[in-house]
Amino acid sequence: MNATIGRLLLTRLVAAILTLWFVATVVFVITNLLPGDVAQELLGQSATPEAVAGLRKALGLDLPPWQRYLEWLWKMVQGDAGRSLVNGSPVAALIGSRLGNSLILAGITALVAVPVALVLGITAAVHRGSVYDRVVGAGTVLAVSVPEFLVASAAVLVFAVQLRWVPALSQLGRLETVLDVVRTFALPVLTLTFVIVAQMARMTRAALVDVLSSSYIEMARLKGAGQARIVVWHALPNAIGPIANAIAFSLSFLLGGVIIVETIFNYPGIAKLMVDGVSTRDLPLVQACAMLFCGAYLLLVTMADVAAILANPRLRHR
Amino acid sequence: MSSTTIPARRGPMAILARTGRMIMPAIVLFWLAMAFFGYWVAPYDPAGIQDADLFEGMSRKFWLGTDYFGRDMLSRIVAGARYTVGISLMATSLAVASGVLLGLAASAIGGFFDAAVSRFLDALISIPSKMFGLVLVAAFGASIPVLVMTLAVIYLPGCYRINRSVAVNVAALDFVAVARARGESTLYIMLREILPNMIGPVLADFGLRFIYVVLLLSSLSFLGLGVQPPQADWGSLVRENMPGLPYGAPAVIMPAIAIASLTIAVNLTIDSVFGRHTREGVR
Amino acid sequence: MEPLIDIRDLRIRARTAEGQDIEIVKGVSFSVRRGEVMGLIGESGSGKTTIALATMGYARYGCRIAGGTIRIGDIAVTSLDEKGLQQLRGQKIAYIAQSAAASFNPSRPIMAQVIESALIHGLMGEAAAREKAISLFRAMAIPQPETIGNRYPHQVSGGQLQRLMAAMALITDPDVVIFDEPTTALDVTTQIEVLKAFKEAIRDRNTTGIYVTHDLAVIAQIADSITVLRHGEVQEIATTSQLISNPRHEYSQKLLAAAEPALRPSPVTDRQARPLLRVSGMSAGYGLTGKDGMPAVPVLRDIDLTIGRGRALGVIGESGCGKSTLARVIAGLTPASRGTVTLDGIDLAPGIAGRSREQLREIQLVFQMADTALNPKVTIDEIIGRPLTFFFGMKGAARDRRVRELLDLTRLPATVQHRFPGDLSGGQKQRVNFARALAAQPKLLLCDEVTSALDTVVAAAILDLMAELRRELGLTTMFISHDLKTIRAICDDIMVLYSGRVVETMPAAALETGRHHPYAGLLLGSVPALRTDWLESTEAASLQVQGVPPALSSGGCAFFPRCTLAEPGRCNTEVPPFRDYPGGIGAACFRLAAE
C-alpha cells in the first residue's frame, strides 16, 4: 500500500458517499414532486379539511420543502426511515424483517453464478473463435435478451408443473432438511443465475480477450509458454480489474432480478416489499427500499473500483 | 494487418448464421408492422370474449389458445405490440435523441458544460434501472405518457455516456482541429464534422437501448406497475394470465416468447449489421 | 555450408474483415547461414513481420501458413505440432519485438519474465538463470544490472526495456534470433545505444538472425545480407554492401533513393528575407495559467523564432519535446499563455476566437495522419471546397473549377474529386490534405510530421511536391519532424527543440560543419548514415550520460542530466542564455559560450 493508492481509495470512498447523497436527493425530489397531496390521497375525497390539515402536520407536510428534505436526510442517516403510510409500523422494522431473506437469496445466487460465469467466460475467451465460443456467445445473447419472468415461468412450468420436483412458490419456514432448502431456493436461484451468468460471462470474456490479444501474450507464446501458463500466469493477473468490474456490474443485475423473482415466487424479501409499497404508494417505504438498493449498487461498484486499483501494477509498484 | 482478420467460418454454424441474418430483420419488421396495424389484422376482437374455455390450449381455432377470460391470445398479443413496441420505440427515440444531442454538445463545447452534464448524468447511472422505474412510477403513476418519459429518463444517462464518448473520440481527430482552426462555428463542427461519424455507433446503441427498454417496460407491466388495464402490453398479458401457469397454459408463455422473439431478433440484427464488437462495453 | 535457416516457397494467407481469404505472403524463399544476419526490408504490407513470425511457426490471429517449408537446422518447423513448436520457441529461436513497453507483462517483475523461457524449457535452475540474466544485462550495458530485474516494466525507460528484451531472448542461447523492428519506436538518440548493444551481442555470440525493418540505414549496420520485400514477394536478395552500393532491382533503387533524400533547392536563398512570422517570449501548455503567465503543465517555454518570407524552417526534436504544440500555438488551437505571435507585422490573438477570419485563412495546418485529418464521411470535393466557400464565398461552377485546379496542383487525378477519403491511398490522402490547406491561399503553411506516417518512397514524392509548391507559390513553411533527413531535404533553417526550449538554431548548411549545442550534436551524430561502418565510426553514443529520463526543469539546462560536458553547479542551476556563434548558429549552452 502506498500513498497514491491510499489517495485513490479515499477518492473512491468520498465519491461513493457523495453519489449516495445525490441519489438520496433525487429520490426525495421525485417522491415529493407528486402532483397530488399525500394527506388528501390517504384520507380519501370525503375527508374533512381539518382532518387533512391534521395529517399534513403529522406527516410534516406543512413545513417548507428544504426543511422537510434536511429532516428526512438526517433521519435517513440515523437509520430512521419513518413510518409506513399504509399500516403505520416503522419502515425500518418492515425492512429488517425481510432483509435477511433477500440477502440469503442474493448470496446463494452469487455463490452459484460467479464460478459458473467465470469458467464460461474464461474458457470462451481462451478458445476464441471456436464453435464452443460461438455457442457460448449465442447462448449468452439469448439469455440477456429474455425477460426474467419468461425464465421464471419456464422454470416453474418444467420443474414444478411437469416434473413436480419443487413447489411453484417459495415458502420460508419449512426449512427442516437440506432437501427443503434446495426445494425452496432452487427455482429463484436458478432464474437469477440464468440472468446474471450470461451478463458476467460476456463481460469476462471481453476482458480476457482484450488481454489475450496484447503483445506480451504474443511474446509469452513466442517464448514457448503453454496455454495454461499463458492464461494463468500472464493473462489473468492483468484481467483482475476488468473481471472484478464484470462481477460487480453483473451482481448489480441481481438487484433488478430479485424484484421480478421475489414477486413471481412470492418470496418474502425486500424487493417484494418495495413492489407492494409502490402499488400502495407507500412513499416512505419506497424511499427507504430505493436507498437500500442504491446503496448496495454503489457498494458493489466501489468494490470493483477498489479491486481494479489494487490489482493495477502501475499503481502497486511505483 | 492481423487485427482486421477473423477466422474462417464454415459448416452448419455459417449456414445458420446466414439464415439468421435474413430471418432476424424480418421478425423485427414484422413486429414493427404489428405495432402499427396489429389491431386491425388480429383474427378476433382482442377484447372480445370468445366462445371458448378459459386457458384453452393451442388449437386450429385459437392458434395460441385463450386467456383467463376466454379471449383469443393471438389477437391480444398482436394488438399488444402497439404498446410494447410503440412505447419502447418512443422512449428509446427520446432517450437516444437527447443523449446524442447532449453528448455532441458536451464534446464540442467541452469545459464546464461538459463537466456539469457528465457529473450529473453519471450520478444518475448509479440508480439501478428497475429501481428508478419503481420510484418514478410510485411518484407519478403509470399512464402511458409517464411511462414513456420514465423509460426515457432512465436510459438517458447511459445513452449520453456512450454518445459522449463516441463524440469525444471523433472530436479529438485532426479533421475537427482543422475545422476549428479554420474558424468554423461550434454548430457546424457538431453537425457536419462530428455527427456523420457517429451514425454507426448511434444506431447500434439505439438497438441495444431499445432491447433494454422493452425488457424494463415488460417487467414493470409484469409487476402491475406498467401499462394498466384495460390496455395490455405483453408484460401485462403475462401478468394477467399467471393463474394459468399451473395448467401450463400457452397464455402465460406466449406473450413472454413474443418479447423474447423481438429482443433476440433486434440483438442479432445489430450483430449482423454492426459486428459483434459494438455491443461490448455498452452499459 | 548448409544454411541454418531455409525458407522455401512460403505462403501465408489471411482472412480480411470482409471475410475474403487473401494471400499476404506469396511464395517467399531465402536462406541464412549460421552466424549471419539476414535483413528483411520493406514497407508496410510487405509481409516482413509475418514472414519473421512464421519462422517460429507462428501466425497471428486470422492468418495461417498455407504452404511452403521452413527449416531451422534439421527441424522442419512447418511440420511440427503445437507441442513441438512450444519446444522450439524461446529455446532454439527467440523473438525481439518492436515495442518492449507492450511486450513486457505489466503485472510481473522484469527478472521473472527474462528468465521465463529458460525455466519453461528446463534449461537451468532459477538461481543460475538469474545469474546469467545479470551477466547479460551487463553485456547489454544496462544500468544497475544487479537490481533492475526486481523492477516492473513501467518503472524502466524504453531504451533500457528494449535491451532487457534482448537479454530475455538470449537467455537460452538460441540458435536464431528474430529482431522485429526493435528500434523503430525509439528516439534516434536512444536507438543508437540499443543498436550498439545489439551489434555487440550478435558479434560476441555469433548469433544467426533475421532483422526486420523499414529503415535501410539501420539494417546496413547489422545485416550481412538483405532481402527486399514488396506486397509479400521477394524483389531482390543481395549482400548488404552490394545492395547499398549497387541495387539491381528497380524497387530497391527507389528505396535507396528515398533513404537518403536529396536536397531540394530553396527558392529563397536570402537569410535576411523580410520576416513573415515572428514568435517571441512564447510559453504554452496545459492546465490553469498561474500568476507568472506559466501554465500548470508547461510544454513550451520562452520560444523565440522568426521565419523569413518564402523560407522554410524545420523544427526537430524527440517525442514529447513540444514541437507539435508549437504548430498548434501558432495556429491558435492551443492558446499561448505568454508571449506574442506576429504574422506579417500584426500581433495575433492567442486563441482562434480572437482572430479574424482573414488571419485564420493566412495560417494553414497540415497534420501528420491523413487518415485522421480527413473526415471519412465527406467527399474530397467537399473537403477541398469547404475552405473555398468559407473564406472566399465560392459556389457552383467556380468552386468546382478551383477544386480541380487544386487537385491538379497537388498532382491528384481529377477522378478522386467525388470519392471519399477511404477510397484513396495514403499518399493521395496526404495530397488532399495539402490541397485543402492550399485552398485557403495561406501565407504560412505549418506541416506537422507530414511524411512520418508514409512509406519512404511515398514520403519522398510528398517532399518533391512540397518543394514544388514552395517554388511555384512562394509559400512560407514551418516543417515539423523528428527525422533530420527529411528536414534537411526541404528546409533552409533548422531549429532544435529539447524539453520545450529552443536549444539551437542554424542554417541547414551548417548541419555537417560548425560547433553545436551538445544535444544538437548528439542528435546530428545519432542519425544512421547509409554505409555499413557508420555504427563503428560514430561517436554520438559517447555524447550522453545513461539513465535519468529528460524532464523540464526550470532551474537549469534541461539537457543537464544527459550531457557529458555539463558543468555541475552552473548548468543545473541557471538557464543558459541564447547566443550567436559563427556560421549562423545560435545556441543556449554555457560550455559552448566558454570555448
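This briefing walks through some local features of the structure above, grouped by topic. It is a predicted model, in which local features need pLDDT of at least 70, side-chain atom pairs count only at pLDDT 80 or more, and totals for chains, interfaces and linings use all residues. Residues are numbered from 1 along each chain as its sequence is written, chains are lettered from A and ligands numbered from 1 in the order in which they are written, and side-chain values use heavy atoms, with hydrogens and water left out. Over all chains there are 50 salt bridges and zero disulfides.

**Chain A as a whole**

- Chain A holds 13 helices and zero strands; both kinds of element are DSSP runs numbered from the N terminus, helices being H or I with at least four residues and strands E with at least two.
- Along the principal axes, the C-alpha atoms of chain A fill a box of roughly 85 × 60 × 35 Å.
- Of the 318 residues in chain A, 51% are buried (buried means under 20% relative accessible area, exposed over 50%, and partly exposed in between, with a 1.4 Å probe and protein chains only).

- Helix H5 of chain A (residues 91–126) has 36 residues and reaches 49 Å from its first C-alpha to its last, close to the 52 Å expected at 1.5 Å a residue; the expected span is 1.5 Å times one less than the number of residues.
- Helix H10 of chain A (residues 227–264) spans only 44 Å between its end C-alpha atoms, while a straight helix of 38 residues would span 56 Å.
- At Leu236(A), H10(A) bends by about 55 degrees, and a proline, Pro237(A), follows within four residues.
- H10(A) is largely enclosed by the rest of the structure, because 27 of its 38 residues are buried.
- After H10(A) comes Asn266(A), with a positive phi near 55 degrees.

**A nonpolar patch on chain A**

- Leu10(A), Leu13(A), Val14(A), Ile17(A), Leu18(A) and Trp21(A) make up a nonpolar surface patch with about 620 Å² of accessible area together.
- Patches take residues with over 30% relative accessible area and no salt bridge, joining like charges within 9 Å and nonpolar side chains (Val, Leu, Ile, Met, Phe, Trp, Tyr) within 5 Å; the areas come from the Shrake-Rupley method with a 1.4 Å probe, and for residues only the protein chains shown count as cover.
- Trp21(A) sits in helix H1 of chain A (residues 3–32) and is partly exposed, at 47% relative accessibility.

**Salt bridges in chain C**

- Side chains of opposite charge can pair when their charged atoms come close; here a salt bridge is a side-chain nitrogen of Lys or Arg within 4 Å of a carboxyl oxygen of Asp or Glu.
- Glu23(C) and Arg13(C) meet in a salt bridge at 3.8 Å, N to O. Glu23(C) lies in strand E2 (residues 21–32) and Arg13(C) in strand E1 (residues 5–15) of chain C, so the pair ties together parts that are 10 residues apart in sequence.
- Glu536(C) pairs with Lys199(C), their closest N and O atoms being 3.0 Å apart. With Glu536(C) in helix H21 (residues 534–537) and Lys199(C) in helix H8 (residues 188–205) of chain C, this bridge ties together parts that are 337 residues apart in sequence.
- Glu536(C) is partly exposed at 46% relative accessibility, whereas Lys199(C) is buried at 18%.
- Glu358(C) and Arg361(C) form a salt bridge whose closest N and O atoms are 2.6 Å apart. Both lie in helix H13 of chain C (residues 357–362), three residues apart, about one turn of the helix.
- Glu358(C) is partly exposed at 42% relative accessibility, and Arg361(C) is buried at 10%.
- Shared partners join Asp9(C), Arg11(C), Arg13(C), Asp21(C), Glu23(C) and Arg64(C) into one salt-bridge network.

**Cysteines and a loop residue**

- With zero disulfides over all chains (a disulfide is a pair of cysteine sulfur atoms within 2.5 Å), Cys491(C) is in none, and the nearest cysteine sulfur, that of Cys447(C), is 8.9 Å away.
- Cys491(C) is buried at 6% relative accessibility, and Cys159(B) is buried at 0%.
- Arg60(B) is found in the loop between helix H1 (11–41) and helix H2 (73–109) of chain B, and is exposed at 80% relative accessibility.

Notes
The bend at a residue is the angle between axes fitted to the seven residues ending there and the seven starting there.
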